[in-house]
Amino acid sequence: MPAAPTLIQAESVIREYRLGETVIRAVDDVSLTVEKGEFLALLGSSGSGKSTLLSMMAGLDRPTAGAIRVRDRNLDELEVDELARYRRETVGMVFQSFNLLPRMTLEENVELPLRLAEVDRHDRESRVAEALERVRLGPRRRHRPSELSGGEQQRGALARALVNRPAILFADEPTGNLDSVNGEQILLLLREFQDSLGMTIIMVTHERPLAEKFANRIALLSDGRLVSDGVRH
Amino acid sequence: MKTRDLSELAVRNLREAVLRNSLTTLGVAVGVASLVAMLSLGVGLQTLASQRLTRSGLFDAVFVTSQRNFRGPRPPAPDSAPKKESRFLDEDARQQLSKLSTVTEVYPQIRFVTDVRYAGKSETTSVLGLPDSSRSSGAFEGMKGAFFSSPTANEAILQIDFAKVLSDQPPALIGKELTLRYAERAAFSKAADDDEALLDAMMGAGKPGGISIVPREKTLRIVGVIESDPSAGIGGFGGARVYLPLKTAEQLHVAQPDDLQAFLSGNPAKPSYMAMTVRVRSPKDVLQVEDSIKQMGFATFSLLDATKSLRLVFTVFDLFLGLFGSLALTVASLGIINTLVMAILERRREIGILKALGATDRDVRSLFFAEAGAMGLFGGFFGVALGWLIGSALTWGTTIYLRRQNLPGVKISYIPWWLALGAIIFAIIVSLVAGLYPASRAARLNPVDALRYE
């Protein structure tokens, strides 16, 4: 079987933060390659640098040194608007705290990336409905986030992340605020997207059992360094 | 993001914090209202003054005198119009003046000092003939009684001070009769004169006839008593105390100071006048007509310069009113800045989410800009409506006060379309400028920091 093409390549990535006189190195010389269609779990304890690495790969942050290439394009060389376009068209994101806008209904939340991408109004309706059906929230589309359970909110966030049909889905502790049943449901959905849509999934988690159960590969980080990589299932 | 989506999101955001945004919008509205009310007062007073002055006939009139007897209060510069032969202001001149383009009316100034008899009293006073057009000048508004029933009526209107001299109860004079004693000027021809030889001896052979001065009386019915002086400033010759219709005054053939000069110049048959008033279609025609009349050999005077000064005064007045109104709008714009800066703090996480979903800095900036602009638009509309209400209340209050003083009501506040539109546009611009800092601050937010914000 031919090897899958490389989608993301992190090369000696360093990310430092300055807190007064102190310089904190959150990510320390990490090199990593992600292939198309992979389900990669970035595993580590709190403060290991996994979320910082994810943010840089998602185009939300830039490395202090090193490079992150996506489809051979160095994200650090992209202008602010080009980086926004990368987030809009190539990337979908799911967060631990769901991050649905509380003033909007579920379908309005899911529609938001399509508004930003200036997708035609007629297309939006069907794409929103399709995304909500995929996460089995069709009947709840008119509800506001406060009227949904935690699991439903995270499924709604998943619908919003995939409505733009991105190539890569980044999930930052997607089960962190959920009970085990709902957590498993979310990860099952991620696997489903990987299988049916061919999506590359990069998930940050500190729960080793979940990572081992659902991810194809686990990269372990500790104190900003990549400790191990390549545990495959 | 498309404009429609941006507008929808902005309106949605405004609706969510409805109390705070309404209060901010109300602040803008109050600012705009004070600006509109101040300027509408300026415009209203200016319109009122212009209407009154235009109707008074001061600014669309040229006062013509013969260069022989009166050179006017503003003598021409030595090197101005070429010297023409001095002419008399007689009927021929009147006909010639009335044929000038844009001239609507030409009438002589008939003013004389005479004895007035009423109820056994005899008083010497000044009499003025009024053209029928002065009926609509506005000068007779609030007069007790009525204007002349016809241009040739044997009727008189008395100025209140003079009426008080005649009676303790001036309004009771209306309907009563008074008698004028005056000197009539009559021409006689050579043929009709028995002392032809004597006249020839006096004047030299070939001089045609002469004039006689005959004492006459005329009975007039008093139809009105007026408190103000309707002729003040007309021709710059001061006011009169008894008014009668101009045609009636002309028919009296009262001897005028020019008669002796006309007689000596050998033109005694035609009456000449001290001055004539030439009314033109609009004040902007005054200069051209004045030049034409000077070319005809007469001296002229108009109040056009006074109009220019008046405009300057009103422009400065408007400027000050506008400045005071703008102060209120400046305070309101600080309210917008405060509201939007607070909104950034509250919506920090939302900005982070928008950026994570692919919103550009421009999208975020535009969203905050649209919210500021919407507050300006709504504030502008409400402000104009509020300003109109304040202006109407001022007009209403002023009218009540004036009516209590037995004076006609006036509209002191007026909002022309350009003021309403300008105020709304100004409110939007001020709001956008106020939104400039908060919007750029929101756009610059780092998405990672914003997403971390709780």
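**Exercise 1. How are α3(A) and α5(A) directed relative to each other: roughly parallel, or roughly antiparallel?**

Solution. The model is a predicted one, in which local features need pLDDT of at least 70, side-chain atom pairs count only at pLDDT 80 or more, and totals for chains, interfaces and linings use all residues. Residues are numbered from 1 along each chain as its sequence is written, while chains are lettered from A and ligands numbered from 1 in the order in which they are written.

Step 1. Identify the elements. Helices (H or I, at least four residues) and strands (E, at least two) are DSSP runs, numbered from the N terminus. Here α3(A) covers 106-116, and α5(A) covers residues 150-162.

Step 2. Take the geometry. Two packed helices are described by the angle between their axes and the distance between the axes. Axes are lines fitted to C-alpha atoms, for helices over the stretch in contact, and angles run from 0 to 180 degrees between N-to-C directions. For α3(A) and α5(A) the angle is about 30° and the axes are 7 Å apart.

Step 3. Classify. Angles under 35 degrees count as roughly parallel, over 145 as roughly antiparallel, 65 to 115 as roughly perpendicular and the rest as oblique. The two helices α3(A) and α5(A) are therefore roughly parallel.

Step 4. A crossing is right-handed if the near helix is turned clockwise from the far one by less than a right angle, and left-handed if anticlockwise. For α3(A) and α5(A) the crossing is right-handed.

Step 5. List the residues that meet. Contact requires C-beta atoms, placed from the backbone, within 7 Å of each other. From α3(A), A:Leu106, A:Asn109, A:Val110, A:Leu112 and A:Pro113 meet A:Gly156, A:Ala159 and A:Arg160 of α5(A). By class, this contact holds five nonpolar residues, two polar and one charged. The classes are nonpolar (Ala, Val, Leu, Ile, Met, Phe, Trp, Tyr, Cys and Pro), charged (Asp, Glu, Lys and Arg) and polar (the others, Gly among them).

**Exercise 2. Describe the packing of α11(B) and α12(B).**

Solution. Step 1. The axes of α11(B), residues 361-404, and α12(B), residues 417-443, come within 7 Å and cross at roughly 150°.

Step 1. That angle makes α11(B) roughly antiparallel to α12(B).

Step 2. The crossing of α11(B) past α12(B) is right-handed. Its contact residues comprise 20 nonpolar, eight polar and two charged.

**Exercise 3. Which strands form the open four-stranded sheet of chain A, and in what order?**

Solution. Step 1. The order is β2-β1-β4-β5 in chain A, with antiparallel pairing. Two strands pair if DSSP finds at least two bridges between them.

Step 1. The edges are β2 (22-35) and β5 (73-74) of chain A, each pairing on one side only.

Step 2. Two bridges join β4(A), residues 65-70, to β5(A). A:Arg69 has A:Asn74 in β5(A) as its bridge partner.

Step 3. Helix α1(A), residues 50-57, packs on this sheet and touches β1 (6-19), β2 and β4 of chain A, its direction making about 120° with that of β1(A).

**Exercise 4. Decide whether A:Asp72 and A:Asn99 are buried or exposed.**

Solution. Step 1. A residue is buried if 20 or more other C-beta atoms lie within 10 Å of its own, exposed if 12 or fewer, and partly exposed in between, with C-beta atoms placed from the backbone.

Step 1. A:Asp72 lies in the loop between β4 and β5 of chain A. With 8 C-beta neighbours inside 10 Å, A:Asp72 is exposed. Its phi is positive, about 70°, although A:Asp72 is not a glycine.

Step 2. A:Asn99 lies in the loop between β6 (91-94) and α3 of chain A. With 22 C-beta neighbours inside 10 Å, A:Asn99 is buried. Its phi is near 60°, a positive value in a residue other than glycine.

**Exercise 5. How many residues of chain A are in contact with chain B?**

Solution. Step 1. There are 19 residues of chain A in contact with 16 residues of chain B.

Step 1. On the chain A side, α2 (80-89) and α3 (106-116) each supply at least two residues. The largest share, six residues, comes from α2(A).

Step 2. The chain A side divides into nine nonpolar, two polar and eight charged residues.

Definitions and conventions
Contact = placed C-beta atoms within 7 Å.
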